[in-house]
Amino acid sequence: MIKHYVKIAFRNLAQQKVLTGINAFGLSVGIACFSLFLLYAVHEFSYDRFHTNAGRIYRVVEWWQGEGRAPGGSGGMYTPVAEAMKRDFADVEYAVRLKGADCFMKAGDRIFNTSITYADNSFFNIFTFPLIYGNAKTALQQPDQLVITKEKALQLYGTTNVVGRILEIKTDSAFEPYTISAVAENIPANSSVKFNLLCSFERIINHPEVQKSNKDWYMTIGLEAFVQLKPGSRLAYEQNRLDLFRKKYYSEEQKPRKKGKKAEKKKEPEIQTSFRLQPIRDIHTNPQIEGGTDPKNIWLLITIAGAVLLIACINFTTLAIGRSAGRAKEIGVRKVMGSQRTQLIGQFLAESLLLSVASAITGLILAHALLPLFNQLADRKLSFSLSRFPELPWLLVGLTLLVALLAGSYPALVLSSFKPILVLKQKIRVGGANLFTRSLVTLQFVLSIGLIISTIIILQQLSYIRSKNIGFNKENVVMINAQGIHSKKIYPLYKEAIQSQSGILSVTASEMGLGSGEGQMGWGFTDHLGQVKGVIAYPGDYNFLNAMGIQLVAGRNFNPSIASDSMGAVIVNEALVQQVLGTTNEKALGMEIRNAKGDAATKKIIGVSRNFNFEDLTHTVRPQMFYRPAILEPSRIFVRLQAGDPRRHLALLDANWKKLVPDAPFEYHFLDEKFDNFYKNEKRWSAIAGWAGGISIFLACLGLFGLAALAAVNRTKEIGIRKVMGATVTNVVALLSKEFIMLIAIALLVASPLAWYVMHDWLQAYAWRINITWWVFAVTGFFALLVAVTTVSVQAIKAALTNPVKSLRTE
Amino acid sequence: MIKIRDLEKIYRTEEVETVALNKISIDVKEGEFVAIMGPSGCGKSTLLNILGLLDDPDNGSFLFNNIEVAHFNERKRAELRKHNIGFVFQSFNLIDELTVFENVELPLIYTGVKSGERKKRVEEVLDKMQIMHRRNHYPQQLSGGQQQRVAVARAVVNNPKLILADEPTGNLDSSNGNEVMSLLTDLNEQGTTIIMVTHSEHDARYSHRIIRMLDGQTVLENIMV
């Protein structure tokens, strides 16, 4: 029987090549799209699950709540905490500190800028990063030992067996030799813990900054701490034990806080700070802890993927119903010959399964071919790896069966239910546009139109935030990396060398960078209400504000000839004046401010700058201050170039750099690109939604094309009679298109409020956002109608041009 | 073999009620060859459909081999039909996507006959119908007469006790029509009961008895000698 089904299925599919082709192609595209999105989702949810003891590994995080703010935390940990936890909790099996740093690496004549990670010895006891060469137990025993990844070894040496080789690395002032003790397998893309070069924490333990942080329980140096708990330990859920631990080392937090009179009146809630243990598997997808991505986005992607697949399935169903238009007789005969309904259902499902298996195979080949493009789009390095995602084959098999069932069940149930005598007497017309297929087509367009409206709104918001005047001039500014060089000495020389050259408009520097991926330095200041407020500090050159185009709204700029300007003068922004000082710009001038801990010198406000957006536009401007340190040791040099082709100027900057700093690469970014990078996610999402919208419109049109063809076939007689009665081609096209235009109009009416609601919600995340305008809906509606009418017209014109005599004879 | 009493079939639309069979009673004995005649719309095809368990009556009794089948459900009807009844239609109703062999094989598939046995029986019947040389052809590659021979082959391949023929020569020329009627006569002589709806007096003369219908009722019975 099955052989019979398969044989018939093949013949039926082969007989209606165009419809079968449209059907299979549409489903293949849908499956390819869904597979890629599914791969992305599986990848995102698979983060850090590959560690053998993943269920017992936790990151130590600091958690804040209260003061009316949303609870949240940070993985940035204080240096002594990891060791203290190991010491104080018997159920902590291992503890490890991880600290990343930038460094220069010398390989032959070449010098690279790379990153190095310092970790305690217990690193390989906790994490599962298999070694190709070397011994995990001894790989980090000595401070001069280095574990290198396979990828890095191949990049540097062209081979992987590099144990024993010496690599020169410069983290401070000079290159120092390190011995490669082990070569690790490449770090999986779904790992939160990453390294290229791994070195013992012992190497930096005597560094003054690390030593200082090891004694100061408040000082952070960009370090993370992980612990592995013993089997059965419930420490992660026993918050009281963690609170006691906090209390032990942060006893002063328990003392009542000094409050201003206003704060007392207002009964401002305090911020509660605690340590928590965050499961390692939670790191990537917990947005409450800094650096975590919002799983909402992953679910959104799965929803989009589901929508595209649903559209493909709807297509499949409507076209399958269409394909069965000529099969009424066959169904009737089979029933007369004794076929049970279940047997017919089986036959139709077999056909559906056959087509979905073929489509799934084509879809997967397509997905594989499109993977590099998708990786670019999603900014990931995904691969269809069965070893990494063992669940993938089952998900795909399940998906194929589900598609076959979803798409095949309606035709199977409907067709098999016909009374044989009625179909044999041709009293039932199978296929065509009934209420069910009309609803499906409408649903397809609801989804497609919704996706396109969303894409346009995302693009509008992106364009808005890109073009928004963020309060300073970020165009034509080159930001040069001055980390790891003797910048205190080099910067003045470099500035001297380039500032008088043609095309160089100004040169300045700061100890902090600007834009995406640049760190921020913050101090706590007690505000006028007695609350501690974070203030972002920019230790920069005298001309920093001028060079960056940051305007002053009160007071004056720094003046190199006034000695006190490099001692205790500070320029603050309007946000600081309002939020911290609670006064006016004019009154703020001359005021003295001091950090909350009181361990820094008092600074006198000499100027107030206009607010500028140094962060992405989801944030409002936070309090900021600029000052000129007595000894400026910049990490970034900013050079403003004349507008136009920058190549000549860059060559000049490079040449001068090499003269002064021959042992460090000339590494730079354009500042506008760094700010654009803030919106990488938005760009990615708009591209993904755009593609999904385009694909869904394409798929919906395929379905529409098939249905229009059917409508034309089913109405052959009517068209013939109308033509005999005098209908023109235009009349016939209008007759056939009218119905579909109505469906698109309904789809637009349904999709518009839905898309408005979703996008309005999305826009709330931005402090600066666009207003959704009516024309977005109008343009999308017009576009959808145009595409649909074009699609339908192809069939309608064909039907309208047919000789009516032939139409009537056919009927 | 067949005993129907006071059988009624009424077709209703929103405004019109059409009585297709009006308390009709007929008996058909095993081995008989009965022709049903009457003008268009007299209810003869409706009667044939009910006899073939393709349709169910609204009222009355229908005994098939002494079993009351008037209100069998679809599954039971299909079961009884596939083992006992063969059909021959005016428009052949062959499945275009299947070859001659596969069309004839179809009833055997649904009765669960094993593949080897199916092949043997299909070849036997194709041979008997002298259409063996066309076994791998598709219906549209055959003449009308050949298509109807395939349809007869398909109707008899399961050795049914009853063959229902709905104007079997309606779409054929006289030579092919005579050939089909000879085939049906041969089958009847071998013991198969045949009930045939026809407009043709010529074809009706092949039968043992002619039942004439008008407005859903039997009006006359002619015994052929």
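The legends below describe close-up views of a predicted model. Local features need pLDDT of at least 70 and side-chain atom pairs pLDDT 80 or more, while totals for chains, interfaces and linings use all residues. Residues are numbered from 1 along each chain as written, chains are lettered from A in written order, and side-chain values use heavy atoms without hydrogens or water.

**View 1. The interface of chain A and chain B.** Here 24 residues of chain A are in contact with 26 residues of chain B (contact: heavy atoms within 4.5 Å). The two chains bury about 2,400 Å² between them, 56% of it on carbon and sulfur atoms (buried area: accessible area, 1.4 Å probe, lost on putting two parts together, summed over both). On chain A, α1 (2-15), α10 (328-336), α11 (341-378) and α13 (420-424) each supply at least two residues of the side that touches chain B (helices: DSSP runs of H or I, at least four residues; strands: E, at least two; numbered from the N terminus).

**View 2. Helix α2 of chain B.** The buried residues of this helix (74-84) are B:Arg77, B:Ala78, B:Leu80, B:Arg81, B:Lys82 and B:Asn84 (buried: under 20% relative accessible area, 1.4 Å probe, protein chains only). They pack against α10 of chain A and, in chain B, against β4 (59-64), β6 (85-89), α3 (100-110) and β7 (162-166). At the start of the helix, a side-chain oxygen of B:Asn73 comes within 2.8 Å of the backbone nitrogen of B:Lys76.

**View 3. Surroundings of A:Met85.** Apart from neighbours within four places in sequence, A:Met85 is in contact with A:Val60, A:Val92, A:Val227, A:Leu242, A:Phe245 and A:Leu277.

Notes: Buried < 20%, exposed > 50% of the residue type's maximum accessible area, 1.4 Å probe, protein only. Polar contact = N/O pair within 3.5 Å; in protein donor to acceptor, adjacent residues only side chain to side chain.
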